[in-house]
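Please look over the sequence and the structure before reading on.

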Amino acid sequence: WSRQDGLAALVITPTRELAFQIFQVLNKIGAEHELSACLLIGGTDVEYEKDRIGRMNIIICTPGRLLQHMDENPAFNCDHLQMLVIDEADRILDLGFKRQMNAILDNLPKERQTLLFSATQTKNVDDLARLALRDPANVSVHENASNSVPDQLTQSYFVVPDEDKINALWTFLANNKRKKTLVFVACCKQARFLTETLRHLRPGLSLMGLWGTMAQNKRLEVFAKFDQNTRGAACI
């Protein structure tokens, strides 16, 4: 497969940061190969993408931006697509992505290989049918393991009343200043509120926030900074 053969593989992820991370890894792996690749995510220059997309062999993207190119970009051609990869398939099959995914799949060739990757892969027949899979095979990394997580991984949890959650989190962060911590919340408003509140309380470590309504360049800046740091916390 060469640059002149067109699009061979399509990798779809639910978030921009995950797409960016996959693109970075692909650049390292593919440095010695002739294949071309590009990243299609929201918050970037769509006109710049339109000029390059027709020369790409591999596309890493989020559903919304991919569908935009399918609808608006005459240079986008997936007639010779060989492989569709859906990362974090359990999330991307959620109802929030149903319309986009159905529209995308309607535009793809029926003869292709489809790969789904997920830490918690759904086996729901309806979900798999939406991807037009035929005789799918399920491959589990830990299928024969006694535990679904590594034996050396320690998992703990705290039962905390709602009114004490911020105090408990502040105490946890203050006692783990030399470690990297990810704090996951349910929505953008919670991520922003928690970030600003904890910064005001000053737990004594670098504290960052990352949420969907941030400008794309700011999101990538926070992502890169947290990746490079050896300690600190990020609310996501």
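How many Å separate the centres of domain 1 and domain 2, taken over C-alpha atoms? In this predicted model, the two centres lie 29 Å apart. The chain is divided into domain 1, residues 9-132, and domain 2, residues 162-235.

**The chain as a whole**

- The chain has 236 residues, and 38% of them count as buried.
- Nine helices and eight strands are found in the chain.
- Along the principal axes, the C-alpha atoms fill a box of roughly 55 × 45 × 35 Å.
- Among contacts in the chain with a separation of 6 or more, 66% come from residues 24 or more positions apart.

**The interface between the domains**

- Nine residues of domain 1 are in contact with five residues of domain 2.
- The size of an interface is often given as the accessible area lost when the parts come together.
- Between domain 1 and domain 2 the buried area is about 630 Å², and carbon and sulfur atoms give 62% of this area.
- On the side of domain 1, Arg 16, Glu 17 and Phe 20 lose the most area to domain 2, together accounting for 75% of what that side buries.

**Polar and charged features of the interface**

- One salt bridge is counted between domain 1 and domain 2.
- Glu 17 forms a salt bridge with Arg 219, and their closest N and O atoms are 2.7 Å apart.
- Two residue pairs are in polar contact across the interface of domain 1 and domain 2.
- The side of domain 1 that touches domain 2 comprises two nonpolar, five polar and two charged residues.

Note on methods: Residues are numbered from 1 along each chain as its sequence is written. This is a predicted model: local features need pLDDT of at least 70, side-chain atom pairs count only at pLDDT 80 or more; totals for chains, interfaces and linings use all residues. Side-chain values use heavy atoms; hydrogens and water are left out. Domain bounds come from an automatic or database domain assignment. Contact means heavy atoms within 4.5 Å. Buried area is the accessible area (1.4 Å probe) that two parts lose on being put together, summed over both. A salt bridge is a side-chain nitrogen of Lys or Arg within 4 Å of a carboxyl oxygen of Asp or Glu. A polar contact is a pair of N or O atoms within 3.5 Å; within protein, one must be able to donate a hydrogen and the other to accept it, and residues adjacent in sequence count only if both atoms are side-chain atoms. Ala, Val, Leu, Ile, Met, Phe, Trp, Tyr, Cys and Pro count as nonpolar, Asp, Glu, Lys and Arg as charged, and the others, Gly among them, as polar. Helices (H or I, at least four residues) and strands (E, at least two) are DSSP runs, numbered from the N terminus. Buried means under 20% relative accessible area, exposed over 50%, partly exposed in between (1.4 Å probe, protein chains only).
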